[in-house]
Amino acid sequence: MYPSGYTYTVNALSALPVVLAVFIGAPLISADQENGTAQLVTTQSVSRRRWLTTKLFWSYLLVIVCSTVISAFFTWWWKPYRDFMPHQWFDGPVFDNTGPMLPALCLFLTAAGITIGLLVRRVLMSMAVTFVLAIAVETVWSPLRQFLGSPRMFSYPLDAEAPSKLDNTWELDRWISDSDGKLFGWGHCTTKMPTEAAHDACVRENGIVDNVVEYLGYDQMPTMQWTGAGFLLLATVALPAFTLWRASRRPL
């Protein structure tokens with residue numbers, strides 16, 4: 001039985017990057033543009049770039065500190081119970097909410113929200129666009145997660161039970177193979193084989209002796225998370241750079 005409150009916790013954590021993007025990122029500059037504060041600032045002694053840099057710095061600092069503390073606490077809480085949790089380590093509610101992934105997602109989506117706010121210039125519209133973008137990013141991110149690690153291959157006898165080595169792995173694909181390592185699709189001798197005798201004859205005819213599993217191991221999780229976080233942080237750096245460049249060349 002997994003700890004009580006687990007479902008609510010992972011749902012809240014999964015929503016955190018979206019909430020930060022919509023309610024902190026999107027209004028950060030668009031609110032000042034809409035109510036005229038941005039135009040007022042440009043008439044003061046403080047330069048526009050310095051004003052924007054200060055707003056971005058404190059916003060990103062707030063996001064990274066809060067998300068890092070939350071991620072560290074959830075990681076500490078999850079690890080002792082991971083074998084009893086309903087989600088495996090590769091699933092989004094765990095993979096994206098532990099280690100460096102949660103801070104990276106929060107920073108990226110917040111930066112995207114700030115950039116959208118700068119371009120749209122209206123608070124409610126910026127929040128709506130940011131919300132749609134954030135949901136799209138999290139949807140697209142899910143199938144891309146498997147490409148963050150290098151798949152491994154493992155073979156075991158055809159009639160044997162799957163070894164414990166595969167207990168904490170994420171299976172990507174499965175085949176059967178002959179003694180020379182030639183791979184056949186998992187259903188090669190089951191699809192369109194009407195009887196067990198026909199299945200056995202197919203196995204003998206093709207010399208099939210092993211099950212072959214392509215998988216990602218739990219020990220790859222930290223490397224995969226840092227790789228994913230690295231890509232997100234590169235995009236995060238690009239977004240505020242564009243924001244500063246855009247704001248310095250056109251009126252706010």
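**Helix packing and aromatic contacts**

In helix 3, Arg48, Arg49, Leu52, Thr53, Leu56, Tyr60 and Trp78 meet Met221, Pro240, Leu244, Ala247 and Ser248 of helix 8. Contact here means heavy atoms within 4.5 Å. Helices (H or I, at least four residues) are DSSP runs, numbered from the N terminus. The model is predicted: local features need pLDDT of at least 70, side-chain atom pairs count only at pLDDT 80 or more, and totals for chains, interfaces and linings use all residues. Residues are numbered from 1 along each chain as its sequence is written, and side-chain values use heavy atoms, with hydrogens and water left out.

Two packed helices are described by the angle between their axes and the distance between the axes. Axes are lines fitted to C-alpha atoms, for helices over the stretch in contact, and angles run from 0 to 180 degrees between N-to-C directions. The axes of helix 3 (residues 48-78) and helix 8 (residues 221-249) come within 11 Å and cross at roughly 165°. Helix 3 is therefore roughly antiparallel to helix 8. Angles under 35 degrees count as roughly parallel, over 145 as roughly antiparallel, 65 to 115 as roughly perpendicular and the rest as oblique. The crossing of helix 3 and helix 8 is right-handed. In that convention the near helix is turned clockwise from the far one by less than a right angle; anticlockwise is left-handed.

Helix 3 also packs with helix 5 (residues 101-120), at an angle of about 150° and with the axes 8 Å apart. This makes helix 3 roughly antiparallel to helix 5. Their crossing is right-handed. On the helix 3 side, Leu56, Tyr60, Val63, Ile64, Ser67, Thr68, Ile70 and Ser71 take part. Their partners in helix 5 are Leu102, Pro103, Cys106, Leu107, Thr110, Ala111 and Ile114.

Cys106 of helix 5 is buried, with a relative accessible area of 0%. Buried means under 20% relative accessible area, exposed over 50%, partly exposed in between (1.4 Å probe, protein chains only). Not counting residues up to four places away in sequence, Cys106 touches Leu16, Pro17, Leu20, Val63 and Ser67. The C-alpha atoms of Cys106 and Val18 are 7.6 Å apart, although 88 residues separate them along the chain.

Pro17 and Val18 also belong to the contact between helix 1 and helix 6. The axes of helix 1 (residues 6-35) and helix 6 (residues 123-144) come within 8 Å and cross at roughly 150°. Helix 1 is thus roughly antiparallel to helix 6. The crossing of helix 1 and helix 6 is right-handed.

A search of the whole structure finds 11 aromatic pairs. Rings of Phe, Tyr and Trp (its six-membered ring) pair if their centres lie within 6.5 Å; planes under 30 degrees apart count as stacked, over 60 as edge-to-face and the rest as tilted. The rings of Trp89 and Phe90 are edge-to-face, because their planes stand at 85°, with centres 5.7 Å apart. Phe90 and Phe95 form a tilted pair, at 6.2 Å centre to centre and 55° between the planes. Trp89 is buried. Phe90 is buried at 5% relative accessibility, and Phe95 at 0%. One aromatic cluster is formed by Trp78, Trp89, Phe90, Phe95, Trp170 and Tyr218.

Two of these rings carry an arginine over the face. Arg82 lies over Tyr218, 3.9 Å from the ring centre. Arg145 lies over Phe90, 5.8 Å from the ring centre. The criterion is NZ of Lys or CZ of Arg within 6 Å of the ring centre and within 35 degrees of the ring normal.

Key
Helices (H or I, at least four residues) and strands (E, at least two) are DSSP runs, numbered from the N terminus.
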